[in-house]
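Subject: Structure handover, with notes

Dear colleague,

Please find the structure below, followed by notes on what was found in it.

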Amino acid sequence: MSTETERGLSHNKSDFDFHGRSLDNIFDEYQDILTNGPVGHSNKYGGFWYVTKSEDIFNAEQDPDTFAVGPSMILPPFGTDVPLIPIDIDPPAHADFRKILLPMFTPMNVSKLGPGMRETARQLCHEVLAAGDVVDVSAKLARPMPTIIFSRLAGYPEQDWPIFDRWIDEIIYERTAHPETAYAAGRELNDYFDRLLDEREEAGPEAEPSNDLITQLLKAEVKGRKLTREELLSYCYLLFLAGLDTTAWAIRSALWYLAGNPQAQQQLRENPDLIPTAAEEFLRTLSPVQAMARTAKKDTVVRGQEIKAGERVVLVFGAGNRDPEVYEEPNEIKIDREDNRHLAFGGGIHRCLGSNLGRAEMVIAMEEFLKAVPHFERANDDEPWHGVGPLTLKIGA
Amino acid sequence: MGELWVDGGRCQGHARCWALAPETFEIDEEGYAHVIPGRENSGDEPNVRKAIRNCPERAILERETNDAGEKASEVSAS
């Protein structure tokens, strides 16, 4: 392919990727791109324009008429070609779908979950300690904590939880190398929610737990009508993937950083009030959502680069979060950084609905982990900063 | 100093302002931020400046008032 020459791009990364092992050294690549060619074209995943400057990402997110989310902001797909509600829905339909769950995710509603979250974190940290001196804290804390907390909030029966990790692994982490595995798991997940919705509808409103997300979706009306089964399934599918995986990554990456940086670890032990500020810095620099896709609805220009209607555009939040025009020493992780207007949760009308919940879980996980667990270090330097795979720590080292 | 307000057309409910300056900002039942009535003149306080700098949507603005105290142009405080 000679896309670069055809398009007249001087410093282009035609193999730019933001998944899997590409993430190992992606921060160096971001700096190169930000410095030498902040808008470019990659041939991956059917081809897309990457946009990396913070300001350009912000502007694109404020302009959904030009940068639409349909057919999907997920590239490559999450094991389904059904548009996911609400993230793949453009205005005007988008607002009504989003409105249904907004009250469930306000900071006040999230703070009501606080004591339960803390209790869950404590129990899991206790199990970390009981597991010995070398422990996979991804499996023991980072993954189960969001699974338990989100499943209770959403209304997923506890006996079903053990299968959830496999669906996440196959749908989110196998989709680039083995899309057929992701689609097969996607069908299983869809069937699971189809059965769960059947059960909930058969049980009737009296039997329903009073205020979980599934109840809210079943009760909700959009333009004077109930949601169709297809809409309910799409919404459930999205909530599952968004609620479990991202928070697990966020908790794991924070612990990964602290395990490799004893000074920062000590600082947070001595001054736990700094943990929420540190959480923002980990979200800025090690965010679970490094990029999301849009599709140009009309011809447009970004930083001098023409983009044609119908072309995919990837907003690289992870690069924008390390833009030297916005952040001093952008590649330094400063746990006390105060000016931190980052893009980890996206922005504009598609701002992550669960951002307040994700933040709370991350902060509580760190607080309880540092309280319960003595000094820890990485036991395996091959484990990357990204993903939800094992994070093996040497505890009490 | 202008009169502080949150542009409802820009606010998307990140709630950073409320986290950083809860004495000036409140969150409604859908998660959107508003200036607490009576706190429109707190724009010079350090926490409020911090909230303005951290708002991902740049939605916290100050409304300039002219000599007669009437609302004139609206300028971004970011």
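Of the 78 residues in chain B, 38% are buried, where a residue counts as buried if 20 or more other C-beta atoms lie within 10 Å of its own, as exposed if 12 or fewer do, and as partly exposed in between, with C-beta atoms placed from the backbone. Please keep in mind that this is a predicted model, in which local features need pLDDT of at least 70 and side-chain atom pairs count only at pLDDT 80 or more, while totals for chains, interfaces and linings use all residues. Residues are numbered from 1 along each chain as its sequence is written, and chains are lettered from A and ligands numbered from 1 in the order in which they are written.

Chain B contains two helices and five strands, and from the N terminus on these elements follow the order β-α-β-β-α-β-β; helices (H or I, at least four residues) and strands (E, at least two) are DSSP runs, numbered from the N terminus. Among the contacts in chain B with a separation of 6 or more, 57% are between residues 24 or more positions apart, two residues being in contact if their C-beta atoms, placed from the backbone, lie within 7 Å. B:Thr65 belongs to strand S4 (residues 60-65) of chain B and counts as partly exposed because it has 14 C-beta neighbours inside 10 Å. From B:Thr65 to B:Val48 the separation is 17 residues in sequence and 19 Å in space, C-alpha to C-alpha.

As to confidence, the average pLDDT of chain B is 88, and 82% of its residues score at least 70; pLDDT is the predictor's confidence in each residue, from 0 to 100. Over residues 72-78 of chain B, however, the pLDDT is below 50, although this stretch has 19 contacts in the model beyond near neighbours in sequence. For the complex, the predictor gives an ipTM of 0.94 and a pTM of 0.95.

Where the two chains meet, 17 residues of chain A are in contact with 15 residues of chain B. On the side of chain A that touches chain B, the elements giving two or more residues are helix H5 (107-112) and helix H16 (355-372) of chain A. That side of chain A consists of seven nonpolar, six polar and four charged residues, where Ala, Val, Leu, Ile, Met, Phe, Trp, Tyr, Cys and Pro count as nonpolar, Asp, Glu, Lys and Arg as charged, and the others, Gly among them, as polar.

Leaving aside neighbours within four places in sequence, the contacts of A:Val314 include A:Phe48, A:Trp49, A:Leu75 and A:Ala291.

A:Leu75 also takes part in a cis peptide bond, to A:Pro76, with omega about -10°, and A:Pro76 is placed in the loop between strand S3 (67-68) and helix H4 (93-101) of chain A. A:Tyr45 lies in the loop between strand S1 (39-42) and strand S2 (48-51) of chain A, and is partly exposed because 17 other C-beta atoms are within 10 Å. For A:Arg303, a residue other than glycine, phi is likewise positive, near 50°; A:Arg303 sits in the loop between strand S8 (300-302) and strand S9 (305-307) of chain A.

With kind regards
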